Amino acid sequence: MSKITPQVNGAQLFTKHSFKGEMTATRPSPVFVASLSLALVAMTSLALADGAAITQHGNTRRALACMTCHGAQGEGTPTSGFPRLAGLNAGYLRTQLDNFAQGRRVNAIMAPIALALNDDEREAVTRYYAGLRGAASTAKPVPQTNVPGASLANQGRWSQGLPACIQCHGAMGVGVGSTFPALAGQSSIYLENQLRAWQEGTRAPGPLGLMKGVADKMSAADIKAVAAYFSALPPSQSTLGSKP
(Lines give C-alpha, C1' and ligand atoms only; values in the text may rest on other atoms or scores of the structure.)
Protein backbone atom coordinates (compact mmCIF):
# COMPACT_ATOMS: atom_id res chain seq x y z
CA MET A 1 0.00 0.00 0.00
CA SER A 2 1.26 3.47 -0.86
CA LYS A 3 0.10 6.73 0.77
CA ILE A 4 -0.28 9.84 -1.40
CA THR A 5 -0.94 13.24 0.16
CA PRO A 6 -1.59 15.99 -2.40
CA GLN A 7 -0.78 19.49 -1.11
CA VAL A 8 -1.60 23.04 -2.11
CA ASN A 9 0.54 25.77 -0.61
CA GLY A 10 1.75 23.30 1.96
CA ALA A 11 -1.76 22.29 3.09
CA GLN A 12 -2.69 18.63 2.76
CA LEU A 13 -6.02 18.34 0.95
CA PHE A 14 -6.64 14.62 0.58
CA THR A 15 -5.16 11.41 1.84
CA LYS A 16 -5.05 8.64 -0.74
CA HIS A 17 -4.48 5.03 0.12
CA SER A 18 -3.63 2.84 -2.89
CA PHE A 19 -3.89 -0.91 -2.65
CA LYS A 20 -2.40 -3.24 -5.25
CA GLY A 21 -5.13 -4.64 -7.35
CA GLU A 22 -7.82 -2.65 -5.53
CA MET A 23 -9.67 0.62 -6.06
CA THR A 24 -7.96 3.78 -4.78
CA ALA A 25 -9.65 5.21 -1.67
CA THR A 26 -9.66 9.00 -1.20
CA ARG A 27 -10.85 10.97 1.78
CA PRO A 28 -10.57 14.68 2.58
CA SER A 29 -7.97 15.60 5.15
CA PRO A 30 -8.93 17.36 8.42
CA VAL A 31 -7.23 20.51 7.14
CA PHE A 32 -9.41 20.54 4.01
CA VAL A 33 -12.60 19.93 6.00
CA ALA A 34 -11.73 22.75 8.42
CA SER A 35 -10.96 25.12 5.54
CA LEU A 36 -14.25 24.31 3.83
CA SER A 37 -16.18 24.87 7.05
CA LEU A 38 -14.56 28.28 7.53
CA ALA A 39 -15.43 29.23 3.96
CA LEU A 40 -19.09 28.29 4.47
CA VAL A 41 -19.22 30.31 7.69
CA ALA A 42 -17.71 33.28 5.89
CA MET A 43 -20.28 33.01 3.08
CA THR A 44 -23.13 32.93 5.62
CA SER A 45 -21.73 35.93 7.47
CA LEU A 46 -21.40 37.81 4.19
CA ALA A 47 -25.08 37.17 3.39
CA LEU A 48 -26.10 38.47 6.80
CA ALA A 49 -23.83 41.49 6.39
CA ASP A 50 -25.39 42.23 3.00
CA GLY A 51 -28.86 42.04 4.53
CA ALA A 52 -27.86 44.42 7.29
CA ALA A 53 -26.27 46.82 4.82
CA ILE A 54 -29.39 46.96 2.65
CA THR A 55 -31.63 47.62 5.64
CA GLN A 56 -29.36 50.48 6.70
CA HIS A 57 -28.30 51.98 3.36
CA GLY A 58 -30.42 50.52 0.57
CA ASN A 59 -28.68 49.44 -2.63
CA THR A 60 -27.25 50.98 -5.79
CA ARG A 61 -30.51 50.43 -7.70
CA ARG A 62 -32.42 52.98 -5.63
CA ALA A 63 -33.94 50.65 -3.06
CA LEU A 64 -34.46 52.79 0.01
CA ALA A 65 -32.97 51.76 3.35
CA CYS A 66 -35.56 49.60 5.13
CA MET A 67 -34.86 51.31 8.46
CA THR A 68 -36.23 54.59 7.08
CA CYS A 69 -39.75 53.27 7.67
CA HIS A 70 -39.32 50.08 9.68
CA GLY A 71 -36.99 51.40 12.39
CA ALA A 72 -33.33 50.84 13.21
CA GLN A 73 -34.04 47.46 14.81
CA GLY A 74 -36.99 46.43 12.66
CA GLU A 75 -39.41 47.54 15.36
CA GLY A 76 -41.62 49.39 12.88
CA THR A 77 -43.22 52.83 13.12
CA PRO A 78 -46.63 52.10 14.65
CA THR A 79 -48.04 55.62 14.43
CA SER A 80 -47.37 55.70 10.68
CA GLY A 81 -48.58 52.19 10.00
CA PHE A 82 -45.20 50.69 9.12
CA PRO A 83 -45.08 47.14 10.53
CA ARG A 84 -42.62 45.44 12.83
CA LEU A 85 -40.34 43.13 10.84
CA ALA A 86 -37.93 41.96 13.54
CA GLY A 87 -38.32 38.28 14.31
CA LEU A 88 -40.95 37.57 11.66
CA ASN A 89 -40.57 34.32 9.74
CA ALA A 90 -38.12 34.64 6.82
CA GLY A 91 -40.36 32.66 4.47
CA TYR A 92 -43.30 34.95 5.20
CA LEU A 93 -41.22 38.09 4.65
CA ARG A 94 -39.80 36.72 1.39
CA THR A 95 -43.28 35.93 0.10
CA GLN A 96 -44.41 39.48 0.83
CA LEU A 97 -41.45 41.02 -1.02
CA ASP A 98 -42.18 38.78 -4.00
CA ASN A 99 -45.86 39.73 -3.87
CA PHE A 100 -45.02 43.44 -3.86
CA ALA A 101 -42.70 42.99 -6.83
CA GLN A 102 -45.22 40.94 -8.79
CA GLY A 103 -48.25 43.11 -8.07
CA ARG A 104 -50.10 40.59 -5.92
CA ARG A 105 -49.86 43.02 -3.04
CA VAL A 106 -50.39 46.68 -3.92
CA ASN A 107 -48.39 49.36 -2.13
CA ALA A 108 -46.92 52.47 -3.77
CA ILE A 109 -43.93 52.55 -1.39
CA MET A 110 -43.02 48.87 -1.27
CA ALA A 111 -43.51 47.91 -4.93
CA PRO A 112 -40.54 49.89 -6.32
CA ILE A 113 -38.34 48.85 -3.40
CA ALA A 114 -39.11 45.17 -3.90
CA LEU A 115 -38.48 45.50 -7.63
CA ALA A 116 -35.10 47.11 -6.93
CA LEU A 117 -33.98 44.08 -4.89
CA ASN A 118 -32.70 41.02 -6.72
CA ASP A 119 -33.35 37.47 -5.47
CA ASP A 120 -30.19 37.29 -3.38
CA GLU A 121 -30.88 40.67 -1.77
CA ARG A 122 -34.45 39.74 -0.90
CA GLU A 123 -33.21 36.54 0.69
CA ALA A 124 -30.50 38.36 2.64
CA VAL A 125 -32.87 41.05 3.93
CA THR A 126 -35.57 38.60 5.02
CA ARG A 127 -33.10 36.33 6.81
CA TYR A 128 -31.54 39.34 8.50
CA TYR A 129 -34.89 40.52 9.87
CA ALA A 130 -35.96 36.99 10.84
CA GLY A 131 -32.92 36.69 13.09
CA LEU A 132 -33.11 40.22 14.46
CA ARG A 133 -34.13 40.93 18.02
CA GLY A 134 -36.12 44.13 17.73
CA ALA A 135 -36.81 46.61 20.48
CA ALA A 136 -39.31 45.08 22.88
CA SER A 137 -42.76 46.57 23.06
CA THR A 138 -43.70 48.51 26.17
CA ALA A 139 -47.32 47.45 25.83
CA LYS A 140 -48.78 45.15 28.47
CA PRO A 141 -51.16 42.26 27.84
CA VAL A 142 -54.77 43.37 27.78
CA PRO A 143 -57.24 41.28 29.82
CA GLN A 144 -59.17 39.30 27.22
CA THR A 145 -62.56 40.03 28.78
CA ASN A 146 -62.10 43.79 28.89
CA VAL A 147 -61.69 44.75 25.23
CA PRO A 148 -64.14 44.45 22.31
CA GLY A 149 -61.65 42.81 19.93
CA ALA A 150 -60.79 39.99 22.33
CA SER A 151 -63.92 37.98 21.58
CA LEU A 152 -63.33 38.00 17.82
CA ALA A 153 -59.61 37.35 18.22
CA ASN A 154 -60.01 34.41 20.59
CA GLN A 155 -63.46 32.98 19.88
CA GLY A 156 -64.54 34.26 16.49
CA ARG A 157 -68.18 34.71 15.53
CA TRP A 158 -69.29 31.35 14.29
CA SER A 159 -72.89 32.45 13.74
CA GLN A 160 -71.49 34.27 10.68
CA GLY A 161 -68.80 31.69 9.87
CA LEU A 162 -66.05 33.93 11.22
CA PRO A 163 -63.25 31.90 12.86
CA ALA A 164 -61.10 33.11 15.73
CA CYS A 165 -57.87 34.79 14.65
CA ILE A 166 -55.79 32.66 17.00
CA GLN A 167 -56.87 29.46 15.24
CA CYS A 168 -54.38 30.30 12.49
CA HIS A 169 -52.12 32.96 14.02
CA GLY A 170 -51.51 31.13 17.28
CA ALA A 171 -52.37 31.84 20.90
CA MET A 172 -51.78 35.50 21.77
CA GLY A 173 -51.11 36.16 18.07
CA VAL A 174 -47.52 34.90 18.13
CA GLY A 175 -47.66 33.63 14.54
CA VAL A 176 -47.42 30.15 13.02
CA GLY A 177 -44.78 29.29 10.43
CA SER A 178 -44.32 31.08 7.13
CA THR A 179 -48.01 31.44 6.31
CA PHE A 180 -49.57 33.04 9.38
CA PRO A 181 -47.51 35.98 10.67
CA ALA A 182 -47.33 37.28 14.22
CA LEU A 183 -49.98 39.88 15.00
CA ALA A 184 -49.05 40.67 18.59
CA GLY A 185 -47.38 44.03 18.94
CA GLN A 186 -48.03 45.10 15.36
CA SER A 187 -49.22 48.61 14.55
CA SER A 188 -53.00 48.85 14.81
CA ILE A 189 -53.00 51.15 11.78
CA TYR A 190 -51.07 48.55 9.79
CA LEU A 191 -53.42 45.73 10.82
CA GLU A 192 -56.47 47.81 9.91
CA ASN A 193 -54.96 48.68 6.54
CA GLN A 194 -54.28 45.03 5.73
CA LEU A 195 -57.80 43.88 6.57
CA ARG A 196 -59.20 46.63 4.36
CA ALA A 197 -56.73 45.67 1.60
CA TRP A 198 -58.14 42.13 1.64
CA GLN A 199 -61.66 43.51 1.49
CA GLU A 200 -60.72 45.71 -1.47
CA GLY A 201 -58.73 43.02 -3.26
CA THR A 202 -55.41 44.90 -3.20
CA ARG A 203 -53.67 42.14 -1.27
CA ALA A 204 -53.52 38.50 -2.35
CA PRO A 205 -56.02 36.44 -0.32
CA GLY A 206 -53.42 33.89 0.77
CA PRO A 207 -53.78 30.10 1.02
CA LEU A 208 -57.31 28.91 0.19
CA GLY A 209 -58.42 32.56 0.04
CA LEU A 210 -58.71 32.51 3.82
CA MET A 211 -58.00 36.16 4.61
CA LYS A 212 -60.27 37.56 1.92
CA GLY A 213 -63.11 35.46 3.30
CA VAL A 214 -62.40 36.51 6.88
CA ALA A 215 -62.04 40.21 6.10
CA ASP A 216 -65.24 40.31 4.06
CA LYS A 217 -67.20 39.19 7.13
CA MET A 218 -65.81 41.97 9.32
CA SER A 219 -67.38 45.38 9.82
CA ALA A 220 -65.36 48.58 10.17
CA ALA A 221 -65.92 48.36 13.93
CA ASP A 222 -64.73 44.71 13.98
CA ILE A 223 -61.55 45.64 12.14
CA LYS A 224 -60.73 48.49 14.48
CA ALA A 225 -61.43 46.41 17.60
CA VAL A 226 -59.34 43.39 16.53
CA ALA A 227 -56.45 45.59 15.39
CA ALA A 228 -56.45 47.48 18.69
CA TYR A 229 -56.47 44.21 20.65
CA PHE A 230 -53.49 42.64 18.89
CA SER A 231 -51.45 45.84 18.79
CA ALA A 232 -51.75 46.13 22.58
CA LEU A 233 -50.25 42.68 23.13
CA PRO A 234 -46.46 42.46 23.48
CA PRO A 235 -44.47 40.57 20.87
CA SER A 236 -43.72 37.14 22.28
CA GLN A 237 -40.17 36.11 23.11
CA SER A 238 -40.41 33.52 20.34
CA THR A 239 -41.05 36.33 17.87
CA LEU A 240 -38.11 38.43 19.07
CA GLY A 241 -35.03 36.99 17.45
CA SER A 242 -36.70 33.85 16.10
CA LYS A 243 -34.92 31.56 13.66
CA PRO A 244 -35.66 31.95 9.93
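A definition to start: a crossing is right-handed if the near helix is turned clockwise from the far one by less than a right angle, and left-handed if anticlockwise. Keep in mind that this is a predicted model.

Now take H3 and H5. Their crossing is right-handed. H3 covers residues 90–102, and H5 covers residues 119–130. The two axes come within 8 Å and cross at roughly 140°. Angles over 145 would count as roughly antiparallel. H3 and H5 are therefore oblique to each other.

Who touches whom? From H3, we have Ala90, Leu93, Arg94, Leu97, Asp98 and Ala101. Across from them, H5 brings Asp119, Arg122, Glu123, Thr126, Arg127, Tyr129 and Ala130. By class, this contact has six nonpolar residues, one polar and six charged.

Next pair: H8, residues 188–200, and H10, residues 220–232. The axes are 8 Å apart here, and the packing angle is about 140°. That makes H8 oblique to H10. Which hand does the crossing of H8 and H10 have, left or right? Right-handed.

On the H8 side, the contact uses Ser188, Leu191, Glu192, Leu195, Arg196 and Gln199. On the H10 side, look for Ile223, Lys224, Ala227, Ala228, Phe230 and Ser231.

How many cavities of 30 Å³ or more does the structure hold? One. The largest cavity has a volume of about 40 Å³. What lines it? Go through the residues with me: Leu152, Leu162 and Pro163 are among them, and so are Cys165 and Val214. Met218 and Val226 complete the lining. In terms of class, the lining of the largest cavity has seven nonpolar residues, no polar and no charged.

To recap the packing: H3 with H5 is a right-handed crossing, and H8 with H10 is right-handed too. That's my part. Over to you.

Methods: Residues are numbered from 1 along each chain as its sequence is written. This is a predicted model: local features need pLDDT of at least 70, side-chain atom pairs count only at pLDDT 80 or more; totals for chains, interfaces and linings use all residues. Side-chain values use heavy atoms; hydrogens and water are left out. On a 1 Å grid over the protein atoms alone, a cavity is a set of points where a 1.4 Å probe fits but cannot get out, and a pocket is an open set with protein on both sides within 12 Å along at least five of seven lines; lining residues have an atom within 4 Å of a point. Grid points are joined across faces, edges and corners, and a volume is the space filled by probe spheres set on the points. Ala, Val, Leu, Ile, Met, Phe, Trp, Tyr, Cys and Pro count as nonpolar, Asp, Glu, Lys and Arg as charged, and the others, Gly among them, as polar. Axes are lines fitted to C-alpha atoms, for helices over the stretch in contact, and angles run from 0 to 180 degrees between N-to-C directions. Helices (H or I, at least four residues) and strands (E, at least two) are DSSP runs, numbered from the N terminus. Angles under 35 degrees count as roughly parallel, over 145 as roughly antiparallel, 65 to 115 as roughly perpendicular and the rest as oblique. Contact means heavy atoms within 4.5 Å.
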